[in-house]
Amino acid sequence: MTSVPDEHVDDVNAQHLPRVCNGVYGFRMRDDAGAVDPLITGAEIARIAGVTRAAVSNWRRRHKDFPAPAGGSSGTPLFSLTDVRAWLANQRKSHDVSDEVRLWQALRASFGDDMISGLSSVAAFLSTGNPSGLDSAAAAIVASSAQSATPTDVADGLVERFQDSARRSGSDQVTSARIARAVAHFVGPLPKGTTVFDPACGIGVLLMVAGDDGSTVIRGQEIDPAAARFAELRAKLSGRADAVIQAGDSLRADAWPSLRADLVVCEPPAVGPDWGREELLLDARWELGTPSKAEGELAWLQHCYAHTAPGGRTVIVMPSSVAYRKAGRRIRAELVRRGILAHVIALPGGVASSHSVPVLLWILRRPKPDDTTPSHVRMVDLTGNDPDGPLEPTSDQVADIPLIDLLDETVDLTPNLHIHRSTQDFRAEYWSLREEIEQQLQALGALLPALRETAGEDSLDTATVSLADLSRAGLIEAGAGGPQSLSPQLDTDYLRGFLQSASNVRRSTSTSGTHRVDARAARIPQMAVADQRRYGAVFRSLQEFEERVASLAELGKEAAALAREGLTNGALAPPADDSGE
């Protein structure tokens, strides 16, 4: 096997150290001389070792001496970089490039950015034994890989590398592993013989996770012929001999017009205004309403629903904006009114390959003729969760929202909006805010000092000293709230208060209007320390007074907004008499 020079491994480590030490992953202090020991994720370990994340997971399970997590969470453990490198060196895994890595590099060299064609050629060779499409070097590595791993494992390893490559490049060319995991979780186990359909299946990621026991009937369509070919070959390698993936544009040229599947899964491709609306204006699939040019995602949703059998489900990945955009309001209302929409699940930020914006899973059900209309839609908000953490919602992350509460003028289906409202006690929150405002008002009077009048504006006639002189003398240092006194002969509050004088503000304001304290220009009056402390106490009270006023303003806005929302949604009502109760 090809050897990787030690300096290459060091280069890989160095590439990731800045992100680690800046807190993306974390670090711990080592006992030896207090050096920083970076913490890294399983994905980082995979890149250092030149293997897939699945291989790292296998090492953790199979090797009792694999380093234990040194931080992070159960869903995203972090490992000591030092410990990991030592373990890899002992196992000699940091010095040998696996067949999978060599194959990936060979495909990169042959196919460049068209890696899907490379994956298809590999899958065809594994399936038929025909190496056409591969150069001799890649074909030899495929043959070697197939001797130490199953064809399915070889294909799955390449898919994982392709997903990881797409994630790091910000591409949405392939469904991310995190979205696939979420879809599999919310789909749950499927009965044997279930027909699963994906009309925009790409390389078949969702089709494979939705029917991973091998007993499902796989059907799909994909606009990219190479991707469609690979998805079908991969399905057949995994034992689904009757899998059929058609090539073509599903919206404009539906290859499965009569198919009604038990489960339809889909992450629609990026949709622009030219999704085919003009030529499909009278299409029978738009039973909930004709989507506008701006609502191509709702065209895909209805296409999926049209292929759902009675009693079946559609699980579709949607951008969060589809839940509230004005143009889609009528279609959303029909989904709710007819009892078609069963769940809206807001997934954690970071589950998509190309962006960190949260995405939604919409789960639809096609009622059977004798089914009664459901009374609610289940809303789930996982946006605050770790993208690799648990997907089962806690009690405060889920709520069953009555259909009537969704059918207002906006038909906003954003989960956190309704979950917050359903658990909110308007009366308790409003009266709590009122009480806090009253307490703040009483405290304000005590904070505003009773100042006496002097002889005039220029009565403070005393020598001054510059901030620069105080700094050179070692009497002050920089602090979080401004300069900090280092001497018992200088009061910090006195110092900071006079730095905000009108004359110092004028010195510190540039011609552009920006303000910053200028250490070379700001000057402080010279006073006895007892007088400094009297001034400092007043400046301290004024500072707290200003902070309380700002806090009171925010409380007032919050109370007014809460009262207005409660009055308009029926949770609160005007007083019955003049008592204010």
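Two strands count as paired here if DSSP finds at least two bridges between them. With that in hand, take strand S10 (residues 341-346) and strand S11: they pair in the antiparallel sense over five bridges. Keep in mind that this is a predicted model. Its protein chain has a mean pLDDT of 83, with 86% of the residues at 70 or more. Here's a quick tour, starting with the sheet that holds those two strands.

**The sheet**

- S10 and S11 belong to an open sheet of nine strands, ordered S7-S6-S5-S8-S9-S11-S10-S12-S13, and the pairing in it is mixed.
- At the edges sit strand S7 (244-247) and strand S13 (398-402), each of which pairs on one side only.
- Going from one strand to the next, the twist averages 15°.
- As background, strands of a sheet pair through backbone hydrogen bonds, and they can do that parallel or antiparallel.

- S11 covers residues 359-365 and is mostly covered, with six of its seven residues buried.

- Strand S6 (residues 217-222) and S7 run parallel, joined by four bridges.

- Within the protein chain, S10 gets the highest confidence, at a mean of 97, while helix H1 (residues 6-21) gets the lowest, at 36.
- The pLDDT stays below 50 over residues 1-25, a stretch that has 42 contacts in the model beyond near neighbours in sequence.

**Cysteines**

- How many disulfides does a search of the whole structure find? It finds zero.
- Cys266 isn't in a disulfide either; its nearest cysteine sulfur belongs to Cys304, 4.0 Å away, and the cut-off is 2.5 Å.
- Cys201 counts as buried because its relative accessibility is 5%, and so does Cys266, at 0%.

**Aromatic rings**

- The count of aromatic pairs comes to 10.
- One of them is Tyr430 with Trp431: the ring centres are 6.2 Å apart and the planes lie at 75°, so this pair is edge-to-face.
- Both of those residues are partly exposed, with Tyr430 at 23% relative accessibility and Trp431 at 27%.
- Phe498 and Phe539 make another edge-to-face pair, at 5.4 Å centre to centre and 85° between the planes.
- That pair ties together parts 41 residues apart in sequence, because Phe498 lies in helix H18 (residues 492-499) and Phe539 in helix H20 (residues 529-569).
- Buried or partly exposed: which is Phe498? It's buried, with a relative accessible area of 10%, whereas Phe539 counts as partly exposed at 23%.
- There's a cluster too, in which ring pairs link Trp59, Phe66, Phe79 and Trp87.

Notes:
Residues are numbered from 1 along each chain as its sequence is written. This is a predicted model: local features need pLDDT of at least 70, side-chain atom pairs count only at pLDDT 80 or more; totals for chains, interfaces and linings use all residues. Side-chain values use heavy atoms; hydrogens and water are left out. Buried means under 20% relative accessible area, exposed over 50%, partly exposed in between (1.4 Å probe, protein chains only). pLDDT is the predictor's confidence in each residue, from 0 to 100. Contact means heavy atoms within 4.5 Å. Axes are lines fitted to C-alpha atoms, for helices over the stretch in contact, and angles run from 0 to 180 degrees between N-to-C directions. Rings of Phe, Tyr and Trp (its six-membered ring) pair if their centres lie within 6.5 Å; planes under 30 degrees apart count as stacked, over 60 as edge-to-face and the rest as tilted.
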